[in-house]
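Reader: I have a model with several chains open on my screen, and I would like to understand how its parts meet. Could you walk me through it?

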Amino acid sequence: MNEEQIQQVVFKILKGIAPESEPSSLAPDENLRRALDIDSFDALNFFIRIHEQLGVNIPEADYGELNTLSEIVRYLASRVNVVDSTSPR
Amino acid sequence: MTNGVETLRKVTYREAVREAIREAMQKDTRVFLMGEDVGHYGGCFAVSKGLLEEFGPERIRDTPLSESGFVGAGIGAALGGMRPIVEIMTVNFSLLAADQIINNAAVYLHMSGGLFNVPLVIRSATGGGRQVGAQHSRSLEGWFAHIPGIKVLSPATVEDARGMLWTALEDPDPVLIFENSGLYNMEGMLPAGAGAVDIDRARVRREGKDITLISYSASLFKSLDAAEILSREGIEAEVIDLRSLRPLDEKTFLDSVAKTHRALVVDEGWRTGSLAAEISARIMEGAFYELDAPVERLCSAEVPMPYAKHLEEAALPQVDKIVDLARKMVKADG
Amino acid sequence: MAEFRMPSLGSDMQEGTLLEWRVKPGDRVRRRDIIAVVDTDKAAIEIEVFEEGIVEEILVQPGEKVPVGTVLAIIRTEGEAGVVTAKGAKAAAEAALPAGGVIETMEEMAGRATPEKRIPPGEAPAAAAAPAAPPTAGRIKVSPYARRLAAERSIDLSVLKGTGPAGAIRAADVESAAGIAPAGPPVEAPPAPLEEKPPIAPREKAPPPPVSPTAEKPAVKDYQAAMRRAIAAAMARSNREIPHYYLQTRIDMSRTLRWLESENQKRSIKDRILPVVPLIKAVAMALTEVPELNGYWIDDRHQPQEAIHIGFAIALRQGGLITPAILNADLKSVDELMEALRDLVTRARSGGLRSSELTDATVTITSLGDLGVETVYGVIYPPQVALVGFGKTMEQPWAENGMLAVRPVLTATLAADHRATDGHRGAQFLDAMNRYLQEPSKL
């Protein structure tokens, strides 16, 4: 799975959480919580779906460094292929 | 009560009645007491104990076991200018004197074209709860309240037990005083100078704003206990002591219903054709537009009074039943 | 027969739109079944039924907006004389329907319900304009005193929900309605020159909505404006009627956060507990110690409640907020609370709340910590008597035992109704809450 594909998955999850938003129009270094008005429940749901769809279990301690789209995609890319190269679904 | 604690003294209901009789005997030589066992035995409930020694056999007269006879004699004495107090041991035996009371005492004034008043006072114990069986546990005072021509009183407090008799004796017409036998041992505070009280007004014994509990005699104290429990739940019950069952002081309870908008009648009599039914009807007639809930009645179960203690208790109105019913009436979705 | 009525889903709700029926005539229903979906001005709510029986007749069709208290359906309760089988009831209902088995128009409905005076088609709007007489023969039960009060205060009895036996309207119902909508026109949106017609048109002008079984759900409406008005009514009432007092305290959250961190390390992502959960539990436990803050002020009377149902303010993405209740919060474990909260938030945002969840809250929590707010001064949601506010937990200098340290500190506030409680009790509540947060493992 490449970064482009990961980004598409992230977009889809964000769209599900904030249906009125257009995640693809976000700048890569924009703060997601602020831009999409994401609260702690949304964030938790986001991480749950990431886990479900990409198989990446993000420890709570890492939440702090995942604030922008580029940070998230980079973080996931470094883990997703390691964890599971077969069907993530 | 306003004179301060030092002028109050504690007396039983029984003593209060005895004092009332003694005072009447002392004040008016026309007054005398007669009935079964009132003299040598001191009264079936010990009310007249000691009075024979004090006033002698002419004025404290033991009678044969014939209610019809001695009540008739009382009517005759009253017509002849005396002021008799006739004791019928319990209301259950008043049935033997019903003809004298209803067909004679109550109608003499009418039948004589206004010539003959009958200034007779009949005292009688009433009520259940003492495990004396069905024939000895009735509350028939509501029946007598049906009859025009007599007054029916029901003293609940020691103050009324002390004060109603004299006022009744002063009344030119027959007055029946029903004393609930369960109250004789009750103690209460009486002012040192306690004396005659009015016999035509009900009293608000506890103020409240959410529901009116209307009762008399022994049921008054059950209602007051219930009001105390309800108060802890935030329901403020107003408790009315009727005192006089005939005539009914309807203004007092109609005014109360206009304030609380709910009424529960607690009556030891049976429900069908009862005094409670009469009060309920008066509220319907006089305060319909004030009602926020149907008037409810808590009466004795319509059975001959059981002898067994637990069954007798279940048949009589009790505090928990009053609380339950009042709560249902006041709370939402009852 | 039981009447299934448009429920009041909050003191500020006056009417609701029936979105959808989950049952049809002849269906058997049980207590707590969800049988309809109603759109308040705030959200689409699933409505439970509180009777057992068979749906006899449906009186209001999807798309119709009716006042609270309007009979929506008739339910034949179990054990009633002449109980029919589900099949029989269905057949009977079908027999009553016009050919084709569907009700096409309001006129048909009105005509069917009152055959003796069928309304000519041209007068249908007039028929629709009389919400006081819902298309059922059932008369409204009102106590004589309540009727008199309503007449004196010009209150329309047909919009009231009775709380007496068998739904009878009592004086208290009239009085609480009078409290919400004092004599005069119903609460209108504030005049705004650019605003178009308010989404809730005055009833007398509302044309009969198009009704057909295939009709779409009602057109997407301006939720925000309607919800704004609903919030406005509740909050204006709160500020008008409730003498608030405010208490505030700073709480050292280091123990709770440490405990939470170690707990969450043991859990997979979906079982992780958010920091707000121990706060909710601490509130619930503190309320067991200070029960006066849990309950209502109704009819000039303080009515503390035994069950602790915590309303949790949830902001909606499209704006506005909703405060569904976590039922019996004091009896739930932290894990159960997290589960309940996640479930509520998800359903609040997707529109799937149950009516009892919206009406049962006995106290409210609002947490604005996600946004970095330090202190919340809340407005109590009437008729409740308290609201607990949480700000953001942030590192702050903290002096303890003569030492200065940096600790995660949370500012908690209590807004309480001074009619119901005094500051002393409020202080005891905050103190109890703090105590629980210092021993998180006991939560």
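This is a predicted model: local features need pLDDT of at least 70, side-chain atom pairs count only at pLDDT 80 or more; totals for chains, interfaces and linings use all residues.

Reader: Which residue of chain C forms a salt bridge with D210(B)?

Author: The closest N and O atoms of this pair are 3.8 Å apart, and the cut-off is 4 Å. The partner of D210(B) in this salt bridge is R301(C).

Reader: Which element gives the largest share of the side of chain C that touches chain B?

Author: On that side of chain C, α4 and α5 (171-180) each supply at least two residues. The largest share is 4 residues, and the element it comes from is α4(C).

Reader: Which residues of helix α4 of chain C are buried?

Author: Helix α4 of chain C covers residues 144-152, and a residue counts as buried under 20% relative accessible area. After the helix comes S154(C), whose phi is positive, near 55°. The buried residues of α4 in chain C are P144(C), Y145(C), A146(C), L149(C) and A150(C).

Reader: What area is buried between chain C and chain B?

Author: The contact takes 12 residues from chain C and 17 residues from chain B. There are also 10 residue pairs in polar contact between these chains. Carbon and sulfur atoms give 46% of the buried area, which is about 1100 Å².

Reader: And what area do chain C and chain A bury between them?

Author: Here 17 residues of chain C are in contact with 21 residues of chain A. With 54% of it on carbon and sulfur atoms, the area these two chains bury is about 1500 Å².

Reader: Which element gives the most to the side of chain C that touches chain A?

Author: Two elements of chain C give two or more residues to that side, namely α7 (254-265) and α9 (334-350). With 5 residues, the one that gives the most is α9(C).

Reader: What percentage of the residues of chain A count as buried?

Author: Chain A has 4 helices and 0 strands, and its elements run α-α-α-α from the N terminus on. Residues 24 or more positions apart account for 60% of its contacts with a separation of 6 or more. Of the 89 residues of chain A, the buried part is 44%.

Reader: Back to chain B: is L115(B) buried or exposed?

Author: L115(B) sits in the loop between α5 (108-111) and β5 (121-126) of chain B. Together with L79(B), Y108(B) and F116(B), L115(B) makes a nonpolar surface patch of about 370 Å². The relative accessible area of L115(B) is 63% and the cut-off is over 50%, so L115(B) is exposed.

Definitions and conventions
Residues are numbered from 1 along each chain as its sequence is written. Chains are lettered from A and ligands numbered from 1 in the order in which they are written. Side-chain values use heavy atoms; hydrogens and water are left out. Buried means under 20% relative accessible area, exposed over 50%, partly exposed in between (1.4 Å probe, protein chains only). Patches are made of residues with over 30% relative accessible area and no salt bridge: like charges are joined within 9 Å, nonpolar side chains (Val, Leu, Ile, Met, Phe, Trp, Tyr) within 5 Å. Accessible areas come from the Shrake-Rupley method with a 1.4 Å probe; for residues, only the protein chains shown count as cover. A salt bridge is a side-chain nitrogen of Lys or Arg within 4 Å of a carboxyl oxygen of Asp or Glu. Contact means heavy atoms within 4.5 Å. Buried area is the accessible area (1.4 Å probe) that two parts lose on being put together, summed over both. A polar contact is a pair of N or O atoms within 3.5 Å; within protein, one must be able to donate a hydrogen and the other to accept it, and residues adjacent in sequence count only if both atoms are side-chain atoms.
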